[in-house]
Amino acid sequence: MGYKLKIKAFNDLLQALENEYEIWAPKRFIGKGSFADTDYIRYDQVHDYSTMELTERSHSSAKEVVFPITQTILYFDETGYRVPQLPSKEKLVIARACDITGIHRLDTLYQKNGDPDFYYNRLREKVHFIILECPHSFRSCFCKSMGGDQTDDFVMGMTVKDQEIYLELNGDTFTNYLEGVESEQVDYTFTFPQHNDVTVTPPDVDDMPRAIFEHPMWETYDRCIDCGRCNLNCPTCTCFTTTDLFYNENKTVGERRRVWSSCHFKKFTDMAGGHSFRNTQRERGRFHVLHKVYDFRKRFHQGNMCVGCGRCEESCPKYISYIDAVNTLTKVLKEENLHEK
């Protein structure tokens, strides 16, 4: 059993929810796209239906709700430091299955990869999801190939049809909110994505042969321009750097921030003493692909790190195909005797 709401009633529901929750959803930023006269769709706090973009795939993922692009992790002065306070409200995030699954991958990397990350955890524990139904597969989506199409981590299922919102509750937590707005009970059950136009076959190997690291298949990344767009739009990339910001009024006072970074950036692997790893675009592209479909799975004994959202495929300005790279990797491993080389 589900509920059907007119847009006004849905806005009333959002207003009631905002007493206890921040509402986050994809939002269209006019003229902020990568090219002239194009828009950019990213996650932001919203207050009513008119500010949401629920029909198109967002260009960036929902991860910035739990892993902000720029995050102050402490303030300092000459006497010590303090950790910033968080807003008291919890967050309701309207997201598709691939983005929710992507945040589960972040959970593994930030909570089970050594000591849990304090800053990630305190944001993550406040987040609840309203899962948004995909009425069709977007271009370059391959979530079914990667297992990014299924999750049970949501409090409501949601879809939009003919300017009407359909909701299905997963549990009783939000029943009282719906009883307080004008709604109609209907036969609606949330449906996960059923089909992708694109199929990707990740490699199914326990050990990657060393010969694959020098294989000519990685030459496609020679034309990479190190912009990092594939990483920054990806729901499962976690790379960041830290920087100290000193205030002009007092040079002994400031804040430490962590900011998104990318394994494709030229100096990302620089170390003390002038050492650096993965100095070429080819090496960095190889690392990126193998991390998504081999390293993560081998280390954590889970599914692939990649959830198949297709954003990297759409965002590369040099048209380097991550989909082709993964399928070629699998084909090479099957057809060439690399373990003997």
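**Close-up views of a predicted model**

**View 1. Two neighbouring strands, β8 and β9.** Strand β8 (residues 156-161) and strand β9 (residues 164-169) run antiparallel and are joined by six bridges. Within this pair, methionine 156 stands opposite leucine 169 in β9. Strands here are DSSP runs of E with at least two residues, helices are runs of H or I with at least four, and both are numbered from the N terminus. Two strands count as paired if DSSP finds at least two bridges between them. This is a predicted model, in which local features need pLDDT of at least 70 and side-chain atom pairs count only at pLDDT 80 or more, while totals for chains, interfaces and linings use all residues. Residues are numbered from 1 along each chain as its sequence is written, and side-chain values use heavy atoms, with hydrogens and water left out.

**View 2. The open sheet.** Follow the eight strands in the order β3-β2-β6-β7-β8-β9-β1-β10, and you will find an open sheet with mixed pairing. At the edges are β3 and β10 (184-186), each pairing on one side only. From one strand to the next, the twist averages 30°. Strands of a sheet pair through backbone hydrogen bonds, either parallel or antiparallel.

**View 3. Helices across the strands.** Helix α1 (residues 7-17) lies across β1 (2-6), β2 (21-29), β6 (90-95), β8 and β9, and runs at about 105° to β1. Helix α2 lies across β3, β6 and β7 (127-132), at about 150° to β7. Contact means heavy atoms within 4.5 Å; axes are lines fitted to C-alpha atoms, for helices over the stretch in contact, and angles run from 0 to 180 degrees between N-to-C directions.

**View 4. The largest pocket.** Its volume is about 620 Å³. Of its 24 lining residues, Ser34, His59, Arg229, Glu314 and Ser315 are the closest to the centre. Helix α8 gives the most to this lining, four residues. A pocket, found on a 1 Å grid over the protein atoms alone with a 1.4 Å probe, is an open set of points with protein on both sides within 12 Å along at least five of seven lines; lining residues have an atom within 4 Å of a point. Grid points are joined across faces, edges and corners, and a volume is the space filled by probe spheres set on the points.

**View 5. The second largest pocket.** This pocket has a volume of about 380 Å³. Its lining has 18 residues, with Leu109, Asn113, Thr238, Cys239 and His291 closest to the centre. Look for α7 here: this helix supplies the largest share of the lining, eight residues.
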